[in-house]
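Please look over the fold shown here. The report below takes it helix by helix.

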Amino acid sequence: MVGCDDQEREIAALRAQAEQLKRALGKNAVVDQAIGVVITYGGVDAETGREVLAEVSRQTGTAPAQVAEHLVRWPRRTWLPATLHQVLDAALERARSASPADTRNRPRPASAP
């Protein structure tokens, strides 16, 4: 039979695990939203948006979740840290130049955040 202390420890561990999963899901949601921002801003597909987000993270030495937070807040704030903005634009330019001609010549959105 499991003792009361053992049950309490197990419950506490399960609660901690549930909280960790909630945080992870929240981060994934923000990353997915940020990919949507990249797709809209850059006029790229979802796979390219994900790759660009990862490249921006690597090049700036910023965790993907932090880059995602900046990108998701960008439309409301109307600014993005200069370094992040420059790296994002360069990554999008590289992605567009590497993509097939039919998507490369697609016009960018008229107004960027």
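Predicted model: local features only at pLDDT ≥ 70, side-chain atom pairs only at ≥ 80, totals over all residues.

Residues are numbered from 1 along each chain as its sequence is written, and side-chain values use heavy atoms, with hydrogens and water left out.

**Overall make-up**

The chain holds 5 helices and 0 strands. Helices here are DSSP runs (H or I, at least four residues), strands are runs of E (at least two), and numbering starts at the N terminus. The order of elements is α-α-α-α-α from the N terminus on. Of the 113 residues, 27% are buried. Buried means under 20% relative accessible area, exposed means over 50%, and partly exposed lies in between (1.4 Å probe, protein chains only). Contact means heavy atoms within 4.5 Å. Among contacts between residues at least 6 apart in sequence, 59% join residues at least 24 apart.

**H3 against H4**

Helix H3 spans residues 64–77 and helix H4 residues 82–98; they pack at about 90°, axes 12 Å apart. That angle makes H3 roughly perpendicular to H4. The class "roughly perpendicular" takes 65 to 115 degrees; under 35 is roughly parallel, over 145 roughly antiparallel, and the rest oblique. Axes are lines fitted to C-alpha atoms over the stretch in contact, and angles run from 0 to 180 degrees between N-to-C directions.

H3 brings Val67, His70, Leu71 and Trp74 to the contact, and H4 brings Leu84, His85 and Leu88. By class, this contact has 5 nonpolar, 2 polar and no charged residues. Ala, Val, Leu, Ile, Met, Phe, Trp, Tyr, Cys and Pro count as nonpolar, Asp, Glu, Lys and Arg as charged, and the others, Gly among them, as polar.

The expected span of a helix is 1.5 Å times one less than its number of residues. Both helices are set out below.

| Helix | Residues | C-alpha end-to-end span | Expected span |
|---|---|---|---|
| H3 | 14 residues | 19 Å | 20 Å |

**Buried faces**

Which residues of H3 are buried? Val67, Ala68, Leu71 and Trp74 are. They cover an arc of only 105° around the axis, which puts them on the same side of H3. The arc is that of the directions from the helix axis to the C-beta atoms.

In H4, the buried residues are Leu84, Val87, Leu88, Ala91, Leu92, Ala95 and Arg96. Seen down the axis, they fall within an arc of 165°, so they line one face of H4. The face turned away carries exposed Ala82, Thr83 and Gln86.

**The loop**

Thr78 lies in the loop between H3 and H4. Its phi is near 65°, a positive value in a residue other than glycine. Thr78 counts as exposed, at 60% relative accessibility.

Leu53 sits in helix H2. Its relative accessibility is 4%, so Leu53 counts as buried. Leaving out residues up to four places away in sequence, Leu53 touches Val31, Ala34, Ile35, Val67, Ala68 and Leu71. Leu53 and Val37 are 16 residues apart in sequence and 10.0 Å apart in space, C-alpha to C-alpha.

Ser57 also belongs to H2, residues 46–60. At 9% relative accessibility, Ser57 counts as buried. With residues up to four places away in sequence not counted, Ser57 touches Thr62, Ala63, Pro64 and Val67.
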